[in-house]
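Keep the structure open as you read.

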Amino acid sequence: MKWITIIALLVAFLSLGQHTSSQLKTVDFQKAQALISLDELSNEVTGELLFDIKMLQDASSIFIDAKNLVSYQVFLDNKEVKTIYDGEKLMVQAPFRASDNKKLKIKFTSYPSKAMYHIDENNDRIWDQVWTQGQGKYTSNWLPCIDDMNDKMIWSFHITAPKSKRVIANGKLTKVQPDADQMIWSYNMEQPMSSYLVALVAGDYQVKKDTSASGVPLEYYYYPKEEKKVAPTYQHSKEIFDFLEAEIGVAYPWQNYKQVPVKDFLYSGMENTGMTIFNDAFFTDELGANDRSYVNVNAHELAHQWFGNLVTETEAKHHWLHEGFASYYALLAEKHLYGTAYFQAQLFEYAEALNEQTAKGTSTALLDEKATSLSFYQHGAWALHALKEEVGVLSFRESVIKYLLRNKYQNVTTASFLDVVAEVSEKDLTAFKATWLTSTIFPTAEALRILRKQPVMEQYLQLSARRISTFEESYNSYQETLQQPVERVLVKEMVAQLSIHDNEKKYELLQQAAALNDVEVNQLIVLSTPTLNHKNRELIASMLNDASYVTRESVLFLLWNDASDKRAVLENSRAQWEELNYNLDMAWIVLALNSTGYTNEELLPFLVRLQAYTGSEYSTETRTAAFDYLINLDAMSQQNYTDLMNASLHHVWRFYENARAVLNVQYQKEKGQFFIDQSLGNFDTESQEKLKQVLGLKD
Ligand SMILES: [Zn+2]
């Protein structure tokens, strides 16, 4: 290699570093057409990106963010051009002139290690689902693009995938055409967006369609085998959509709105443009919807379609413009569904958590780019609630509309919003900004002052203050709480307080609370009951068939613990339940395995069923619980150890962290070590290396 080449390379690499996110003044990426092909057997992505670019300044090179590429070729107006690739950025070298319009084409193959995930449910090394998660600046891990969220472009997609799969991406589906044993799915967008909002899902899906009051197509995706979960999961979707569109006051800005559940998602949900991807832990049947409601996630991600997607922060410092708004509008949607008392109680809960954060000294200012999630989300929501109090509902609403319309499809800062509010309300917001946005202290007293304006909150706060009173002192307030019309949040507060009291009269109050027939109240009654006695036995037993798996499991345990004929309790409950989820099934099995009255022959199939729950077709939550149960029962099979090792290589952080901790503890034991060593041979070399690292067998 000649010296001159090395120097040229050095200069090029140095300028790569300098150019991070400063290309905005040089070039504008206007359109992106992505042709992507998913390989049926691996995580290989091959494709072609065609960008329409407009030069804003003369330049000798421009770059594209591109990670994990194994091969690439770049063309400018159809002529191949020189490139330098450092593993993160692809630098295109050519003389560019200001105001040139060019077509930039990249052919590539990538093997993404993050941002695109291939889910293999049955470990046959053929993926069942592919989904992406680009939040922040991760899309370039699988798709060469511009990660800078300030460069918005209009996207279209042509995605080739195995025929057995349905492909879902941002925009409007314009064509599905066969290509040998594959299908090509074409989606078009009309408006520009930041690249982190690009989304792709491929898998076994069906879709139910609906239309919003304003005529926007709504698409609810589901697994064909679980069609009965469609109605409970999406029960409020249309109402939330119609409510938010009216509440925000600006028409929904995209062609359609899709919601797609995926397996083993990293978070609760992600607001990709026109297409929310959500964790299928929220894709539930009717009972499950009472235990884990999708409503808040549903409304939160939808609100981002305006706050985040239509107007996007210029930088992390203004992240509350995404999360604070999405959290606040989600709360407003919940207020619409569940009433003022619920809304107020949620705000109170947020304030309590934020107050605690301040007390611990870990509080961050809202405009700090490194603010905690609690600050960006809950403090952000509170700042908006306080601002609405400050300027009035009408001014607030008008400001939000102006802010969105003035900045649509562009990027924004906190000033973009506050300036509009000041203009519309004709108020000086200096004090508001100091109290709510730049101070590191959460203004708890101010928050309480705002909350107390609502009569129900005054009642709630008075009742909460009873937490330190005696039963006799509180008795009258408890009775008032149960007078019609009752507020669920007040009754729940009372039930929680009753759990610490030992007075006989509390059982009458619990009876009255249970007579409300409220699933949430009942659940709290059961969860706060440590054991049965002659005063509560009948009441608790009456909740065995409540529409909540959590309640059923707790009632079962209380009854089982109390009974002399444990088998009868188990058989009886099983006979009554038409619906069962995995958690409840596991709990039932574990109780059976701990009961007398079963023969070993009868117990064996139960054990086999419990052992099966560690497999990768189950959710991370189910698998975590199964490992726990099996280890406690000292009943881990060879396959369970293999599953545990697989779990410790999983992509969901909370899941693999727990699996690794469990694996290490088991490896300290003779039996565990034997099985783990045995299983190690089933893994490929790369996984074996990782597992050895996890086990501390390597540096
Ligand atoms: Zn969010």
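## Helix 19 against helix 21

Six residues of helix 19 meet helix 21: Tyr549, Arg552, Glu553, Leu556, Phe557 and Trp560. On the helix 21 side they touch Asn583, Leu584, Ala587, Trp588 and Leu591. Contact means heavy atoms within 4.5 Å. By class, this contact has eight nonpolar, one polar and two charged residues. Here Ala, Val, Leu, Ile, Met, Phe, Trp, Tyr, Cys and Pro count as nonpolar, Asp, Glu, Lys and Arg as charged, and the others, Gly among them, as polar. Helices (H or I, at least four residues) and strands (E, at least two) are DSSP runs, numbered from the N terminus.

The model is predicted: local features need pLDDT of at least 70, side-chain atom pairs count only at pLDDT 80 or more, and totals for chains, interfaces and linings use all residues. Residues are numbered from 1 along each chain as its sequence is written, and side-chain values use heavy atoms, with hydrogens and water left out.

The axes of helix 19 and helix 21 come within 9 Å and cross at roughly 10 degrees. Helix 19 is therefore roughly parallel to helix 21. Axes are lines fitted to C-alpha atoms, for helices over the stretch in contact, and angles run from 0 to 180 degrees between N-to-C directions. Angles under 35 degrees count as roughly parallel, over 145 as roughly antiparallel, 65 to 115 as roughly perpendicular and the rest as oblique.

## Helix 14 against helix 16

Helix 14 (residues 471-481) packs on helix 16 (residues 506-514) at about 20 degrees, with the axes 11 Å apart. So these helices are also roughly parallel to each other. In helix 14, Phe471, Tyr475, Tyr478 and Gln479 take part; in helix 16, Lys506, Glu508 and Leu509 do. The contact residues divide into four nonpolar, one polar and two charged.

## The second largest pocket

Which residues lie nearest the centre of the second largest pocket? They are Glu226, Lys229, Asp280, Phe283 and Tyr582, out of 38 lining residues. A pocket is an open set of points on a 1 Å grid where a 1.4 Å probe fits, with protein on both sides within 12 Å along at least five of seven lines; lining residues have an atom within 4 Å of a point. The lining divides into 10 nonpolar, 11 polar and 17 charged residues.

## Two backbone spots

A cis peptide bond joins Gln484 and Pro485, with omega about -5 degrees. Pro485 sits in the loop between helix 14 and helix 15. Ala180 is not a glycine, yet has a positive phi of about 55 degrees. Ala180 lies in the loop between strand 13 and strand 14.
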